[in-house]
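Please review the following briefing on the chain shown below.

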Amino acid sequence: EETPLDDSLVTIFLKVRPQGDSRTNWLEASLEPAPGADVEMFCGPVGGNSADLPLDPTIASSQAELACGLSSASGDEPLKGFPTRDLVIVSKDGKQAFRNHFYIRYRYRPSQPLPFVL
């Protein structure tokens, strides 16, 4: 006997770490979802003083890795030719900037997975 597939929303998180070299200190990332796809690029808040961060000090290192977002001013520096210590990733629409890596959140129903292109 077959059991019906649970069709509740599934969420997948992907960590994206682009490769750079010493001559490239920034790159542009574009996320193009299919119509109706629920997918977004994100990072934790800039700095560790957000009210959203857990208070447990034992997870400080994992929280630091999640805080890969950059302020808009820091994201603009490499575009103006200023050197950066870390690889800067700027979203194609210019609304987001990340340091060294970023995350993708993808939500879908198992019966209707929709593609996206990065």
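This is a predicted model: local features need pLDDT of at least 70, side-chain atom pairs count only at pLDDT 80 or more; totals for chains, interfaces and linings use all residues.

Residues are numbered from 1 along each chain as its sequence is written, and side-chain values use heavy atoms, with hydrogens and water left out.

**Surroundings of Thr84**

- Thr84 is placed in the loop between α2 (72-76) and β5; helices (H or I, at least four residues) and strands (E, at least two) are DSSP runs numbered from the N terminus.
- Apart from residues up to four places away in sequence, Thr84 touches Asn25 and Pro78, where contact means heavy atoms within 4.5 Å.
- A polar atom of the Thr84 side chain lies 2.8 Å from the backbone oxygen of Asp86.
- Ser74 and Thr84 are ten residues apart in sequence, and their C-alpha atoms are 9.1 Å apart in space.

**Sheet β2-β5-β6**

- Three strands form an open sheet in the order β2-β5-β6, with mixed pairing; two strands pair if DSSP finds at least two bridges between them.
- The edge strands, β2 (26-29) and β6 (97-99), each pair on one side only.
- Neighbouring strands of this sheet are turned by 25° against each other on average, direction ignored; axes are lines fitted to C-alpha atoms, for helices over the stretch in contact, and angles run from 0 to 180 degrees between N-to-C directions.
- Four bridges link β2 with β5 (residues 88-91) in the parallel sense, and Leu27 has Ile89 of β5 as its bridge partner.

**Sheet β1-β7-β4**

- Another open sheet of three strands has the order β1-β7-β4, and its pairing is antiparallel.
- β1 (10-16) and β4 (38-42) stand at the edges with a single partner strand each, so one side of each is left without a neighbour in the sheet.
- The twist from one strand to the next averages 15°.
- β1 and β7 (residues 102-108) run antiparallel and are joined by seven bridges; the bridge partner of Ile12 in β7 is Tyr106.

**Arg105 in β7**

- Arg105 lies in strand β7 and counts as buried because its relative accessibility is 12%.
- The Arg105 side chain makes polar contacts (pairs of N or O atoms within 3.5 Å; within protein, one must be able to donate a hydrogen and the other to accept it, and residues adjacent in sequence count only if both atoms are side-chain atoms). One joins Arg105 to the side chain of Asp38 at 3.3 Å, and another joins Arg105 to the side chain of Glu40 at 2.9 Å.
- Beyond four places in sequence, the residues that Arg105 touches include Thr11, Phe13, Val39 and Phe42.

**Largest nonpolar core**

- The largest nonpolar core has 14 residues, of which Met41, Cys43, Phe98, Phe102 and Ile104 touch the most other members; such a core is a set of buried Ala, Val, Leu, Ile, Met, Phe, Trp, Tyr and Cys residues joined through side-chain atoms within 4.5 Å.
- β4 and β7 are the elements that give two or more residues to this core, and the largest share, five residues, comes from β7.
- In soluble globular proteins, nonpolar side chains tend to be buried together.
- Among the residues that Met41 touches, beyond four places in sequence, are Ala29, Leu31, Phe98, Phe102 and Ile104.

Note on methods: Buried means under 20% relative accessible area, exposed over 50%, partly exposed in between (1.4 Å probe, protein chains only).
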